[in-house]
Amino acid sequence: MKSKSDHIKPPMRDGVSASQVFLPRLDKTNIHAQTIFYFLCQHFPHISTDEWAKRFDNQLVFNAQNQALTRDTPYQSEQHIYYYRELAHEVEVPFAHQILFENEHLMVVDKPHFLTVSPTGQYVQQTLLTRLKYETDNPELSPIHRLDRETAGLILFSKKPEIRHLYQQLFADRQVEKIYHAIAPFNQHLQFPLEFKAHLTKGEPFYTMQIIEGEPENSCTMIGVLEVQNDWAKYELKPITGKQHQLRVHMNALGLPLKNDQFYPTVKHVDKAVFSQPLQLLAKSICFVDPISNKPMSFHTKRQLTF
């Protein structure tokens, strides 16, 4: 087995970092593999054999010494290998991000609608993280918290992996104040401002969330009205907790689904190449005390939502 000094992680390619896989002893798996190619095909059944063959043929799979592997490379347990993902076709997102602030530890970015934060099954190059890694040549960039593809606005990135947990702990301890703006129907019979609490859990389809009545509350949002225009209103949303899709689900539960929401109240399958109806949800501001400098930090996007 090679020593740690022989271990070389492949460099970024166009802002995409290599993914890492550890090859276990086969007697600890249900897989019987003579080659690394065969192991990967069995270990990742959601990726087609043709796709793995293409990655090997295009020299996108490497060992820990940064040597390209072939489909015939024998399986060798207890080592790391690396591979790059690439998609045959990715829909280009025609909107730009903006870096609002950065120091040696932190980067604050203003994200446009429709841009996924991190590489997923459908997006690799067309993600905010890949764009930023390419732009800054920093392979260690990592998002500190979530922001949906459909939502625009502010998101924080760590520039060094060893300090990322310090900022994440701020979110865990609810020491970060986030304010969102949203456009949704106006209901004059509801009294604002109001506090909405509910028990949120995974829904169906799996990428949605749902409210379960009678269970302990695990999500909370403060909701106020900023402006009313005919049947619509601009709301100020302050999430006290940070559950997935929390703001969208809470507003929908009040009978106020966000304008252009493709998930709530019902899932609508929209062409990913259509950018004409952005979800009217914006991460407007974020405030916290920096855990390293102990100085108060406050950031605001200049983006605006429209009725």
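Start by selecting S19 and Y83: S19 stands opposite Y83 in β3. The model is predicted, so local features need pLDDT of at least 70, side-chain atom pairs count only at pLDDT 80 or more, and totals for chains, interfaces and linings use all residues. Residues are numbered from 1 along each chain as its sequence is written, and side-chain values use heavy atoms, with hydrogens and water left out.

**The sheet**

Strands here are DSSP runs of E, at least two residues, and helices are runs of H or I, at least four residues, each numbered from the N terminus. Two strands pair if DSSP finds at least two bridges between them.

The three strands form an open sheet in the order β1-β3-β2, with antiparallel pairing. β1 (19-23) and β2 (61-63) are the edge strands, each pairing on one side only. From one strand to the next, the twist averages 30°.

Next, select residues 36-43. This is helix α1, which lies across β1, β2 and β3 and runs at about 105° to β1. Contact means heavy atoms within 4.5 Å. Axes are lines fitted to C-alpha atoms, for helices over the stretch in contact, with angles from 0 to 180 degrees between N-to-C directions.

**Aromatic rings**

A search of the whole structure finds 15 aromatic pairs. Rings of Phe, Tyr and Trp (its six-membered ring) pair if their centres lie within 6.5 Å; planes under 30 degrees apart are stacked, over 60 edge-to-face, the rest tilted.

Select F95 and F114. Their ring centres are 6.0 Å apart and their planes at 25°, so the pair is stacked. F95 sits in the loop between β3 (79-83) and β4 (98-102), and F114 in the loop between β5 (106-111) and α3 (128-136), 19 residues apart.

Buried or exposed? F114 is buried, at 5% relative accessible area. F95 is partly exposed, at 33%. The cut-offs are under 20% for buried and over 50% for exposed, with partly exposed in between (1.4 Å probe, protein chains only).

F275 is in the loop between α5 (246-253) and β14 (281-289), so the pair with F95 ties together parts 180 residues apart in sequence.

Then select F206, Y207, F263 and Y264: ring pairs link them into a cluster.

**Charges over rings**

Finish with two tryptophans. R55 lies over the face of W52, 4.7 Å from the ring centre. K259 lies over the face of W232, at 5.3 Å. The criterion is NZ of Lys or CZ of Arg within 6 Å of the ring centre and within 35 degrees of the ring normal.
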